[in-house]
Amino acid sequence: MMCSLKMVSPRPPTTLFGLQRQITTNGDGFPTFLPKEVKDIKDPFARALAQKIVRIPVPLQMENFRGCVMSSCIKPTVQLPDKSPVVLLHCFDSSCLEWRRAHPLLEEACLETWAIDVLGWGFSDLQKLPPCDAASKRHHLFELWKTYIKRPMILVGPSLGATVAVDFTATYPEAVDKLVLINANAYSEGTGALKDLPKSIAYAGVKLLKSFPLRLLANVLSFSFPLSENIDWTNIGRLHCQMPWWEDAMVNFMISGGYNVASHIKLINHKTLVICSENDQIVSNQLSVKLLCELQNVVFREVPDSGHLPHVENPKQFVKLISDFASGKLN
């Protein structure tokens, strides 16, 4: 059955705070601000979603930064004013391309869906680098929400993205209707000793984090797919690392101390769906069980035959869970 959708009408480039919304594309249909390596990606879902990435101006007024950040995201193609929009965050050091397989299915399920690049990752224009610590990431997400979304949202966070979601919800409860936490890494204690590293060593570590072999290893741990597919997915996962500001933003986050939100979890009373994967080799399922004990209003579901990123490996089942949770069918 087809649902009744209000399509977002195409608009010419608009200005806000004196800056133009960036939608210029090259001959392949990709936005010109994406790294040239995007043309080498083979995954058709990633290619299709990459062509939809836009930059929108988000005003930031912080202690060490005053300005407007052209922020990368996937905007919804439908507007559903009577329903809470679904807002997708991403894992640590990732981008909105992480949602390449789930995003189109979420829209097919009649959900108004945003996929947002967290400040300091993804494909935003950060040449004038703002602070990229946890507080700045939170502030940026709030300003984006306040400027464009403007309604309580279903906030979805995988892995460290779940930590971002918990941190945001505890600070701005009025902006969130429901929470979805996927293989949540919500009990980590920041970046630990990394925050005390000399900058020269921090930059060396970040270069290693960017390296193809390390990223490929992470993919092999995350997905049980043939090597050729893992290679392509590695290129997708590290595409944002080609942005010229990426190393500076990562070092800034590392030496800031990162996230420490464990004390916030018991304070959250929003309806929360906790999803864990049967075969996650990166985040222990015991952490999801711990969430069940500490959250006040929680529903739990396990995704079988899936690793760390069920929204990539098992998108149909994942989207069914989100759709049912949004509609109130999951209790």
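This is a predicted model: local features need pLDDT of at least 70, side-chain atom pairs count only at pLDDT 80 or more; totals for chains, interfaces and linings use all residues.
Empty space was examined first. Rolling a probe the size of a water molecule over the atoms shows where such space is left. The largest pocket of the structure has a volume of about 990 Å³. It is lined by 39 residues, and those closest to its centre are Cys91, Phe92, Asp93, Leu209 and Ala218. Three helices, α6, α7 (227-237) and α8 (246-256), each supply at least two residues of this lining. Helix α6 contributes the most, with seven residues. By class, the lining of the largest pocket is made up of 21 nonpolar, 13 polar and five charged residues.

Across the whole structure, one cavity of 30 Å³ or more was found. The space in the largest cavity comes to about 50 Å³. Its lining is formed by Leu89, Ile116, Asp117, Val118, Leu119, Lys137, His140, Leu141 and Val164. Helix α3 (residues 134-149) gives the most to this lining, with three residues. Six of the lining residues of the largest cavity are nonpolar, one is polar and two are charged.

Charged side chains were considered next. Side chains of opposite charge can pair when their charged atoms come close. The structure holds nine salt bridges, and three of them are described here, beginning with the pair formed by Arg101 and Asp43. The closest N and O atoms of Arg101 and Asp43 are 3.4 Å apart. This pair links distant parts of the chain, 58 residues apart. Arg101 lies in the loop between β7 (86-88) and α2 (103-108), whereas Asp43 lies in the loop between β3 (19-20) and α1 (44-50). Arg101 and Asp43 are both buried.

A second salt bridge joins the side chains of Asp93 and Arg215, with an N to O distance of 2.2 Å.

The side chains of Lys146 and Glu143 meet at 3.4 Å, N to O. Both residues lie in helix α3, three residues apart, which is about one turn of the helix. Lys146 has a relative accessible area of 43%, so it is classed as partly exposed. Glu143 is classed as buried because its relative accessible area is 10%, under the 20% limit for that class. Helix α3 is also the element that gives the most to the lining of the largest cavity.

Pro31 is buried, because its relative accessible area is 2% and the class covers values under 20%. Pro31 and Phe253 are 222 residues apart in sequence, and their C-alpha atoms are 27 Å apart in space.

Terms used. Residues are numbered from 1 along each chain as its sequence is written. Side-chain values use heavy atoms; hydrogens and water are left out. On a 1 Å grid over the protein atoms alone, a cavity is a set of points where a 1.4 Å probe fits but cannot get out, and a pocket is an open set with protein on both sides within 12 Å along at least five of seven lines; lining residues have an atom within 4 Å of a point. Grid points are joined across faces, edges and corners, and a volume is the space filled by probe spheres set on the points. Helices (H or I, at least four residues) and strands (E, at least two) are DSSP runs, numbered from the N terminus. Ala, Val, Leu, Ile, Met, Phe, Trp, Tyr, Cys and Pro count as nonpolar, Asp, Glu, Lys and Arg as charged, and the others, Gly among them, as polar. A salt bridge is a side-chain nitrogen of Lys or Arg within 4 Å of a carboxyl oxygen of Asp or Glu. Buried means under 20% relative accessible area, exposed over 50%, partly exposed in between (1.4 Å probe, protein chains only).
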